[in-house]
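Subject: Structure handover

Hi,

Here is the structure you asked for. My notes on it follow below.

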Amino acid sequence: MAPSAESSASGAAAASASAPAYKRRRVVEEEPDLMSYEDDDDTYEAYIPASKRKQMELQRIAGRGRVAVAAPGAGTAVETGADKGGDDDDMGVRQSKTALLHAARELKALQAKEQKSEAEKAAEEERKILDAHAARRKLASDMELAKGISYEEPLKTSWRAPAFVRRRTEQENEELRDKHHVLAEGKDIPPLITNFRDMKLPPPLLAHLESKGIKRPTPIQMQGLPTAFSGRDMIGIAFTGSGKTLAFSLPIVMFALEEQRKLPYVRGEGPTGMIVCPSRELARQTYEGIKVMADVLAQAGYPEIGVLLCIGGISMAEQSHVMGKGFHIVVATPGRLQDMLEKKKFTLEACKYLCLDEADRMIDMGFEDDVRNIMSFFKQQRQTLLFSATMPKKIQDFAEQSLIQPVVINVGRAGAANLDIIQEVEYVKQEAKMVYLLECLQKTAPPVVVFSDNKNEVDDIQEYLLLKGVEAVAIHGSKTQDEREYAIKSFKSGKKDVMVASGVASKGLDFNEIQHVVNYTMPKEIEDYVHQIGRTGRSGNTGIATTFVNMNTAEQTLLDLKYLLMEAKQRIPPFLAALDDPRAGQGASLTGCAVCGGLGHSVKDCPKLEDNQRRQTAGFSRGDGGGGGY
Ligand code: ADP
Ligand code: MG
């Protein structure tokens, strides 16, 4: 506290203590100087007009506490400002104090914000990026969207699980799921059934499956079949070669059987169910599988089921006998299907079942609008099923919004590689690839598939192999349908040892026991890699995949690959081991990028996101041209 004037006069001891008081007094006395700061002469008080004085007064008030402004040339004034100890401390100092407090508070808040963990920040950033790239609209037909139609309850079917299965408690069901590594999410998940008999399949169908070596359902079938039989919408995610096709084919056959039994279809009626695939070859393969089942049933005296293949590149006249009778099932690619629907060759009035195989790939390949258009031909509620081995979170979220109380079934992580594949990654210089390929083909017996993402390269490789005496066929989107079919047929039948293919052959094709997949070029996106190597190691067999990488391979892709190999407990070659993850220490998650499923980067560095944006701006769709089956 400041000593009083009296104490300053009482004795030498107090004299020093009085100094500040003295100073303070001087300040008070000199305060008017603040007003004459424009005047160089200390002693002479110049006349100041009233208006100017007013202005100066205002400035003085505003400037209080700001010492430098206070009094140029008046050293004491400086001390005044610095003298913060006084109880008659001027307003300016107090103001500056509160301002400081305020600033400190703000700073603290800011620091607290900054203290959010790096991971949190990264997650937030990712969310923002995802929001900015969120799918435009729900995956429902424009008609449904326009009329605001949304169905709340799943469809009802007549299928019921056997009583002993229905009696199982939820805990018992969960234990069974755990045992078979099935993860199911959703409301009222139907129970898992561990054998085909209990699924109430017709005996001739059971015998047929058994004759093909299909005796016990795979995990995706154990959970997927009861879910589909119950009429539920579902997303089925399981690794390549794990039997997804059967998980949606058997229900469609059973539903068709039931319809035909109730009231036989006549010309112009049907279909009751539809499967849409991203490539003609895959559609044909699925069609053939279903056709065999239909024939087996018909031969055993069951009602006849009509199956229509609706793909580009073939003459629909070939199938006039199917169309002439009324049919139950359509297996299609989007282009031809829309064409047929628009020309009113058939309608979807009675259609209640829609399955999209390789669903994420379809949306990725630019078929999103086609799918929506196809949906607009449905006239009633349908059951919708989506299947794939890869399903990045972004697409899964988008799909989930569009389904009715869906059951999401996962066998392993979406986007994980099949563990029956031995994955080898080799560093091969660009110019050495062709010669090394020849050596690489010796690794296993045929059949072998060689993938390249470039159509010209596919042709070059085939030509080179033919020159070297290797029986090789080639397939890519720019070949004619006849060429494509010849390639598949001769390779499938074992006449040809090697098939050189673009991405068009990477999805869903199930050739008998491919021994070896060579990725002549590492695909940019890790999902494509997973599908490509997935042509081998199917149905419990072991396969080998060899992938060439070199300095042309993007580091991002290599990191994704490294994590995928680590996840599958594969040998990591030294050049991959040496790759550092820039996210190391930031709690890099093993859940995968939400856009492409890659484990080696976050959304903000996703090459696919960039690629998508570029294509969107340029108005391109993805995929390799004719690969879509138009
Ligand atoms: P995905 O679509 O999951 O990649 P597919 O449905 O094409 O796999 O099936 C791969 C192979 O496994 C096919 O040849 C199929 O006949 C066979 N398969 C399907 N289900 C079973 C099963 N339960 N047991 C044995 N093999 C099966
Ligand atoms: Mg498949």
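Of the chain's 630 residues, 50% count as buried. Bear in mind that this is a predicted model. The chain holds 25 helices and 14 strands. Take the contacts with a separation of 6 or more: 74% of them join residues 24 or more positions apart.

Ligand site

Ligand 1 has 16 residues around it. Arg-216, Gly-241, Thr-245, Asp-510 and Arg-538 come nearest. By class, the shell splits into nine polar, four charged and three nonpolar residues. Two domains contribute here: domain 2 (142-411) and domain 3 (421-618) each give at least three residues to the shell.

- Arg-216: a backbone N or O atom lies 2.7 Å from a nitrogen atom of ligand 1.
- Gly-243: a backbone N or O atom lies 3.2 Å from an oxygen atom of ligand 1.
- Thr-245: an N or O atom in the side chain is 2.5 Å from an oxygen atom of ligand 1.

On its own, ligand 1 has 560 Å² of accessible area, and the protein covers 85% of that.

Helix 16

How many of the nine residues of helix 16 are buried? Seven are, so helix 16 (residues 334-342) is largely enclosed by the rest of the structure. The cut-off for buried is under 20% relative accessible area. The buried residues are Pro-334, Gly-335, Arg-336, Leu-337, Gln-338, Met-340 and Leu-341. That list includes Arg-336, which counts as charged.

What do the buried residues of helix 16 pack against? Three strands are among their partners: strand 3 (273-276), strand 4 (307-310) and strand 5 (329-332). Helix 15 (320-323) and helix 17 (359-375) complete the set. After helix 16 comes Lys-344, with a positive phi near 55°.

Ser-279

Strand 3 also leads to the next point. Ser-279 sits in the loop between strand 3 and helix 14 (280-299). Is Ser-279 buried or exposed? Its relative accessible area is 3%, so Ser-279 is buried. The side chain of Ser-279 also has a polar contact, reaching the backbone nitrogen of Leu-282 at 3.2 Å.

Best wishes

How values were computed:
Residues numbered from 1 in each chain as written. Chains lettered and ligands numbered in written order. Predicted model: local features only at pLDDT ≥ 70, side-chain atom pairs only at ≥ 80, totals over all residues. Heavy atoms only, no water. Near = heavy atom within 4 Å. Polar contact = N/O pair within 3.5 Å; in protein donor to acceptor, adjacent residues only side chain to side chain. Areas by Shrake-Rupley, 256 points an atom, 1.4 Å probe, with all protein chains shown as cover. Domains from an automatic or database assignment. Helix = DSSP H or I, 4+ residues; strand = E, 2+ residues; numbered from the N terminus. Buried < 20%, exposed > 50% of the residue type's maximum accessible area, 1.4 Å probe, protein only. Contact = heavy atoms within 4.5 Å.
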